[in-house]
Amino acid sequence: MTTTAALSTGERTAGRNDPGKEPRGRRPGRLRGIALPYLLLFPALLLELLVHLVPMVIGIVVSFKELTQFYLRDWGTAPWAGLDNYALTVDFDAPVGEALLKSFLTTCLFTVLSVGLCWLLGVAAAIFMQESFRGRGVLRTLFLVPYALPVYAAVITWAFMFQRDNGLVNHVLHDQLGLTDSAPFWLIGDNSFIALLVVSVWKGWPFAFLILMAGLQNIPREIYEAAALDGAGVRQQIRRITLPALRPVNQVLVLVLFLWTFNDFNTPFVLFGKAAPEAADLISLHIYQSSFQTWNFGTGSAMSVLLLLFLLLVTGLHLWFTSRGRKATDA
């Protein structure tokens, strides 16, 4: 009896101390490992919810209300407008809808020119920087300066440079080179579109250069050497090797540049102030003016929702066409 009791006690003690068996009251380490990444991401997700999603939902709700300056103290008491704000913004025969359509077309033209020039300068600089030469590191750093500068500091500097009487642009073009009969206005009138385009391209092309330069690092140099031995020139190498190899990078780059440029608010706001000239009336600043200048936040919110839907539509179509082209290439 004593021997049997001792064996039973020893078995129970060995069972508790067996490292292969996990105690019943302790959480499995596997579950803790699975939950740890989500716990680490939770603060960032919470901040993302507070900073982006909550204002977005509030903006959608406001777009269905007649929210004006009379209801700012308690916007929840503003009467419901239903789809009246959306009907007003898409009525292109009315002044509000006509102004929004003109701003939308101006933004489309501005985005196409800005994205195209940014990509063209970026790919030219990236190809040029692939060859080793003295001072390449310094020149590469100088190319990235516009992208590294704070937006407000850079655009304010350009606003001073575009001044008519004492700006650097007119000093060079009119006073030194004599290319114009008189010093033009750059921040008002039709020239404001050119000024805005110059600032946007100057600010955005270094990003394209950085992304394309990274993409070129994945192309083996042996391919270019073999093509050169076969008699292919520089143009043929760029057309047959470089651009096809950069196609996945260009697809993402063009989409990001499009979204940034089409939705850009800081550049025109800092360059022109609260009221942009008609030639440079981008849709982001137009929505700001419709909301905070006329105090009609319901209409401004409806314009913002329509802009969001348009950007989502363009993004979805872009992803669909690129994935379709990728499948056709793989097949």
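Throughout this tour, two residues are in contact when they have heavy atoms within 4.5 Å of each other. Please keep in mind that this is a predicted model, where local features need pLDDT of at least 70 and side-chain atom pairs count only at pLDDT 80 or more, while totals for chains, interfaces and linings use all residues. Residues are numbered from 1 along each chain as its sequence is written, and side-chain values use heavy atoms, with hydrogens and water left out.

**The whole chain**

Start with a cartoon view of everything. You will find 15 helices and zero strands; helices (H or I, at least four residues) and strands (E, at least two) are DSSP runs, numbered from the N terminus. Next, colour by accessibility: of the 331 residues in the chain, 32% are buried. Buried means under 20% relative accessible area, exposed means over 50%, and partly exposed lies in between, using a 1.4 Å probe and protein chains only. Among contacts between residues at least 6 apart in sequence, 64% join residues at least 24 apart.

Select residues 247-262, which form helix α12. This helix has 16 residues and reaches 22 Å from its first C-alpha to its last, close to the 22 Å expected at 1.5 Å a residue. The expected span is 1.5 Å times one less than the number of residues. Show side chains for its buried residues: Asn250, Leu253, Leu255, Leu257, Phe258, Thr261 and Phe262.

Now zoom in on Thr261, in helix α12. Its relative accessible area is 10%, so Thr261 counts as buried. Which residues does Thr261 contact, leaving aside its neighbours within four places in sequence? Look for Phe110, Thr111, Ser114, Val115 and Ser200.

**Helix α9 and two partners**

Two packed helices are described by the angle between their axes and the distance between the axes. Here, axes are lines fitted to C-alpha atoms, for helices over the stretch in contact, and angles run from 0 to 180 degrees between N-to-C directions.

Select helix α4 (residues 95-128) together with α9. Their axes come within 6 Å and cross at roughly 40°. That makes α4 oblique to α9: angles under 35 degrees count as roughly parallel, over 145 as roughly antiparallel, 65 to 115 as roughly perpendicular and the rest as oblique. The crossing of α4 and α9 is right-handed. A crossing is right-handed if the near helix is turned clockwise from the far one by less than a right angle, and left-handed if anticlockwise.

To see the contact, show Val151, Ala154, Val155 and Trp158 of α7 with Val198, Val199, Trp202 and Lys203 of α9. The crossing of α7 and α9 is right-handed.

**Trp186**

Step to Trp186, in the loop between α8 (168-176) and α9. Setting aside neighbours within four places in sequence, Trp186 is in contact with Phe162, Val169, Asn170, Leu173, Asn191, Ser192, Ile194 and Ala195.

Move on to Leu306 in helix α15. Leu306 has a relative accessible area of 27%, so it is partly exposed. Not counting residues up to four places away in sequence, Leu306 touches Tyr86, Thr89 and Val90. The C-alpha atoms of Leu306 and Thr89 are separated by 9.1 Å, although the two are 217 residues apart along the chain.

Then pick Trp295, in the loop between α14 (283-292) and α15 (297-330). Most residues other than glycine have a negative phi. Trp295 is not a glycine, yet its phi is positive, at about 60°. Its relative accessible area of 38% makes Trp295 partly exposed.

**Gly76 and the cysteines**

Gly76 sits in the loop between α2 (29-62) and α3 (84-89). At 46% relative accessibility, Gly76 is partly exposed. Its C-alpha is 8.9 Å from that of Lys65, 11 residues away along the chain.

Finish with the cysteines Cys108 and Cys118. Cys108 is partly exposed at 23% relative accessibility, whereas Cys118 is buried at 4%. How many disulfides are there? Taking a disulfide as a pair of cysteine sulfur atoms within 2.5 Å, the count is zero.
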